[in-house]
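Trainee: Before I use any label from this predicted model, I would like to see how each one follows from its value. Could we go through them in turn?

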Amino acid sequence: MKNLFKKISTVSLLLTSFLCFSQPQVISDNNITLLQQEVLKKLTGKLPIKNDIYIKQRASPEEREITANYLSEYLASIGWQLENHFYRTSNGNPLLDLCLQPMSGINVAAVLPATIKSNKYILFGGHYDSERDCPGAIDNATGVALSLAVAFKLTKLKERNINFLIVLFDQEEDGEFGSIAYAKMLRKTNREIHSVHTIDMMGWDQNHNYGIEIELPSKELKELYESNAKEYNIPIYSTSVSSSDHKSFIDEGFNAVGISEEYVKRDTTPFIHTAKDTYETINFEFLVSSTNFIFNIFKKLAQ
Ligand SMILES: [Zn+2]
């Protein structure tokens with residue numbers, strides 16, 4: 001009987017360690033959840049974004065400007081140096097530009113300088129605009145909330161050997177106008193860009209595997225993300241999805257990657273670009289886990 005008990009406990013111990021090993025190592029953080037809940041409520045019209053203004057979408061020029069101001073104020077409040085990028089993009093034909101307004105908008109951009117002198121930058125961010133008649137909670141208020149939380153956590157690092165540049169893009173939903181304009185402008189500066197990481201949709205994880213998709217990663221970034229995912233036992237896979245802001249940077253020759261929930265594997269919000277893409281559908285555990293996963297990669301790169 002005793003032996004049998006011993007055998008059973010050995011088997012259950014082995015089983016438990018096997019199960020523990022196969023579980024994703026989820027990194028939770030209550031303060032980050034609270035921050036992201038507040039940001040997401042303001043971006044989706046559940047809390048006023050300013051005074052008594054509630055926004056139901058981030059699509060019109062006015063709504064996008066209010067959103068850009070809110071994001072800028074937050075970044076300045078945690079010590080990032082604002083350098084917002086205002087762009088006007090031609091419709092490709094002067095006559096068309098006379099009839100239609102040229103595309104124009106604001107990319108919210110800010111720098112957190114390295115603690116040593118450096119001309120190297122890591123760029124990260126995601127688009128803040130939404131489709132019309134859509135609260136755009138998962139697409140892409142979650143990418144914005146992830147980026148802001150990473151920005152906050154980076155300020156707490158005592159040593160950073162590289163500069164960080166956050167860019168929250170305008171007009172992705174209209175055809176990536178914001179990120180295209182930004183990537184073209186950035187190419188002309190003398191800044192040395194180590195890598196570009198754009199996040200689009202990070203709030204759906206129905207199969208609870210904390211899985212992440214990396215889109216069109218460079219060889220170097222694919223290896224970087226895969227080795228870190230292995231460490232946390234998070235499933236990761238790369239795809240050739242090109243329909244977001246990372247493509248704008250790849251086209252200009254930058255070392256870039258797009259990061260998302262499991263879009264190709266269809267563990268992704270079924271409510272994309274509809275009125276049902278609401279705050280209530282966000283999986284915060286997944287969002288926080290992904291936030292910390294990406295932050296830890298940046299932390300290693302900064303050391
Ligand atoms: Zn999007």
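Trainee: Why is H127 called buried?

Mentor: The label requires under 20% relative accessible area, and because H127 has 0% relative accessibility, it counts as buried. H127 is found in strand β4, which covers residues 120-127.

Trainee: How do you know which protein atoms are donors of the zinc ion?

Mentor: A donor here is an N, O or S atom within 2.8 Å of the metal, and NE2 of H127, OD of D139 and two OD entries of D200 lie 2.0 to 2.5 Å from the zinc ion, so they meet that cut-off. Water is not among the atoms, so the site may look incomplete. Along the chain, the donors follow the spacing H-x11-D-x60-D.

Trainee: What makes the arrangement around the zinc ion irregular?

Mentor: For four donors to count as tetrahedral, all angles must lie between 85 and 135 degrees; the 4 donor atoms subtend angles of 54 to 146°, which makes the arrangement irregular.

Trainee: How do you know that a polar contact joins the side chains of H127 and E172?

Mentor: The cut-off for a pair of N or O atoms is 3.5 Å, and the contact between the side chains of H127 and E172 is 3.3 Å. Another polar contact, of 2.9 Å, joins the side chains of H127 and D129.

Methods. Residues numbered from 1 in each chain as written. Predicted model: local features only at pLDDT ≥ 70, side-chain atom pairs only at ≥ 80, totals over all residues. Heavy atoms only, no water. Helix = DSSP H or I, 4+ residues; strand = E, 2+ residues; numbered from the N terminus. Buried < 20%, exposed > 50% of the residue type's maximum accessible area, 1.4 Å probe, protein only. Polar contact = N/O pair within 3.5 Å; in protein donor to acceptor, adjacent residues only side chain to side chain. Donors = N, O, S within 2.8 Å, 3.2 Å for Na, K, Ca; no water. Tetrahedral: all angles 85-135°; square planar, octahedral: opposite > 155°, others 65-115°.
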